[in-house]
Amino acid sequence: LKQRERRHYCIKKGFIIYNLYIRIYNNGLIIDSHAKERKKNSLQLLKFSHTSIQMSNSRFCLLSLVSILSLLIITTTTNLVAAQRCRPDQTETLKRFKNEFAFSSSCTEDAYFLRGVTCHNVTGAVTVLKLPGGCLRGTLRDNSSLFELSHLRYLNLSFNNFASSLLPSSFGQLHNLEVLLLSSNGFLGQVPSSIRNLTKLTQLQLSHNKLTGDLALLLQNLTNLVALDVSSNEFYGTIPSFLFTMPSLSFLVLSENHLSGSLEIPFSLPNLRVLKLSYLNITHQLDLRVFSSLKSLTYLDLSGISLTPTSFPRFVKSLKNLDYLYLSNNRIKGNIPDWLWSLPHLTSLNLYNNSFTGFEGPLDHVLANSSVQVLDMAYNCFNGSFPDPPLFIINLSAWNNSFTGEIPLSTCNRTFLDVLDLSYNNFTGLIPPCLGNINIVNLRKNKLQGNIPDEFHINAPTQTLDVGYNQLTGKLPRSLLNCTLLKFVSVDHNRIDDTFPFWLKALPSLKVLTLRSNRFHGPISPPYGPLAFPKLQILEISHNRFTGSLPRNYFENWTNTSLKPDNEEKMYMGDYSSDRFNYEDTLDLQYKGLYMEQGKVLTFYSAIDFSGNKLEGEIPESIGLLKALIALNLSNNSFTGRIPMSFANVSELESLDLSENKLSGEIPQELRRLSYLAYIDVSDNLLTGEIPQGTQLTGQPKSSFEGNLGLCGLPLEERCFTEKTTSIEEVEEEEEGVLKWRAVAIGYGPGVLFGLAIGHVVALYMPEWFFKS
């Protein structure tokens, strides 16, 4: 086993180093006269390292790797020495060019900037300029100092940010250019006609920008092209027919543009090795026989061009040198022919999103003897049993089909296998016992039974384990502790009967843990101290049988959810990429009251879901420490007490669900400070008082606050000031009555006195009136 692992390591590292060398070669760093010979030698070394699979002596593997590394070191050293031979005026021009842009902190040193510079041995003029990717930021103008370097033969500005600049017409002044690489720079708009002046160009890369123009007019004078890549732009017009009659052309990529027309012309490209025509608007039925003459092809991409007829294209059978074949997103149906697996050099095959239903030939060896290393059969209509995988398979993706039966045990003998994605099928039986040998394992949404194998060996390479939506039982395997690289664990919607896995805190890289809808039980509070996972960002334990309360310090030391998100290079979690394939983890999300199945997860996303359990007690005030938390769901439990005011400190919170608990008191006014809060649900509690009046809260539907008899205010119909208004009116009526009686009393008193005085006068002076009355 150790010898096999060493050989596996040797071959994988050999491929990585070789691909790095070829990338450097293709980017033009190696331009000396011995470059082609070195490339040839590296190819031979790769073949030798590949044959070492059959050899037990690992010293040969080491020598092969050291030899390839030596080539890289010698070449890089040669370029660094050459950069020191530049004339002072040329160096000054380069520095002025550098000062035209803003730089990231890692690129400010002149030595770092100049390491991709080569000058002529005699004249000292700059002939090669390869700028570090990701360093430059700003606008590239027509009067830039760059265009004073008139002796440039090789220019690589790729992977820098030129702030949506127009492509300067001054490029046409660099008449000596042979290689111009401008990929992924943010250039936009019409390509200037001056580019046609660069008649010495042998390599032109403009891919992944927003450039437009008539491609035929742009290229009509560039007859010496050996490599052309204009993919992922907005070029229009017909596909230039003259490209297919240029005998020196070996690399042609036109993919993802607005090009149209037909390809009925006979191809006369004896040296063409790479051809990518994916996602073009080819208006005529494509005569696939035109590709049969391309005997030198090693890479062919015809994805998304609606191939007709809809059966597997037979011309592929004649392409004996083919290494990469991409036919995804077409309408091909039927069986895959057995001769395809006999192509001697085929290593990458992508058949994603077609209508294939099966394989020709016996399943026990139809794939097993193939040289394929990366196989994508996802999103088709395959049914029946799954064939034994190819012997040297690295990435096997067959998700979203209708495969049945058991997963072949021969999968465990594929020692190079890094990615196994058989999710969304109908596989039955047990999970193979070799998961600890595979980096990415996704068996989600099948009908697998039994336990998760407890056979993860020490230093197992497993990074992703997704076995959700099956019929698995038993407990979580304790040997998962041996997977120190484990980042993603999802066992949701099974029948696993276990306690909360406090022991997983020992995994230093674990980011996602999903236990939803199982039979987990018991407390989720550790015997002592807070529940602190070092890197955990997503914890989903909803719809289990967890009980108990949470201590006050429960959310202390949750490092990744306590810090504001950093700027990461990768956009999505589980973005495992190589030269041959990429893989991104997906997750079912309950967010803002909505359920989203299998969505890609942003690297900074942070969520906690404890809903649907029997948790009780108060919500800990320490929840306020989770400043980077985006979604929190504590609904459908038995939490009591008040809503913590510390929620106001969870400044990134967008979704909050506290519904169906026994929370009391008022909703904290501090929640109005949560400017990102787009969804809140506190329905079916015992809350009282006025709903805080703020844009984020009053904009919610009534259902978010219903079921609380003591709540009032918008958006509910109950008004909080009804009683107060009534009492004021009553007081006003009482005061008005008092005023009336006072007026009567004021008039009555003097009237009585006046009457008595008049009566006294009459009785004294006119007594006869008094007696008569």
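Predicted model: local features only at pLDDT ≥ 70, side-chain atom pairs only at ≥ 80, totals over all residues.
Colleague: Is leucine 602 buried, partly exposed or exposed?
Modeller: Leucine 602 sits in the loop between β39 (594–600) and β40 (607–609). Buried means under 20% relative accessible area and exposed means over 50%. Because its relative accessibility is 32%, leucine 602 counts as partly exposed.

Colleague: Which residues gather in the patch of positive charge on the surface?
Modeller: Lysine 295 is one of them, and this lysine lies in the loop between β15 (281–282) and β16 (299–301). Lysine 295 has 44% relative accessibility, so it counts as partly exposed. The patch as a whole is formed by Lys295, Arg314, Lys317 and Lys320.

Colleague: Where is glutamate 706 found?
Modeller: Glutamate 706 belongs to a surface patch of negative charge, together with Glu660, Asp684 and Glu718. With a relative accessible area of 39%, glutamate 706 is partly exposed. Its place in the chain is the loop between α8 (695–698) and β48 (710–712).

Colleague: How many helices and strands does the protein chain have?
Modeller: The protein chain has 773 residues, and 50% of them count as buried. Its secondary structure comes to ten helices and 48 strands.

Colleague: What share of the accessible surface belongs to carbon and sulfur atoms?
Modeller: The accessible surface of the protein chain comes to about 36100 Å². The share of this surface that belongs to carbon and sulfur atoms is 53%.

Technical notes. Residues numbered from 1 in each chain as written. Heavy atoms only, no water. Helix = DSSP H or I, 4+ residues; strand = E, 2+ residues; numbered from the N terminus. Buried < 20%, exposed > 50% of the residue type's maximum accessible area, 1.4 Å probe, protein only. Patch = residues over 30% accessible without salt bridge, like charges linked within 9 Å, V, L, I, M, F, W, Y side chains within 5 Å. Areas by Shrake-Rupley, 256 points an atom, 1.4 Å probe, with all protein chains shown as cover. Salt bridge = Lys/Arg side-chain N within 4 Å of Asp/Glu carboxyl O. Lys, Arg positive; Asp, Glu negative; His and termini not counted. Charge placed at Lys NZ, Arg CZ, Asp CG, Glu CD.
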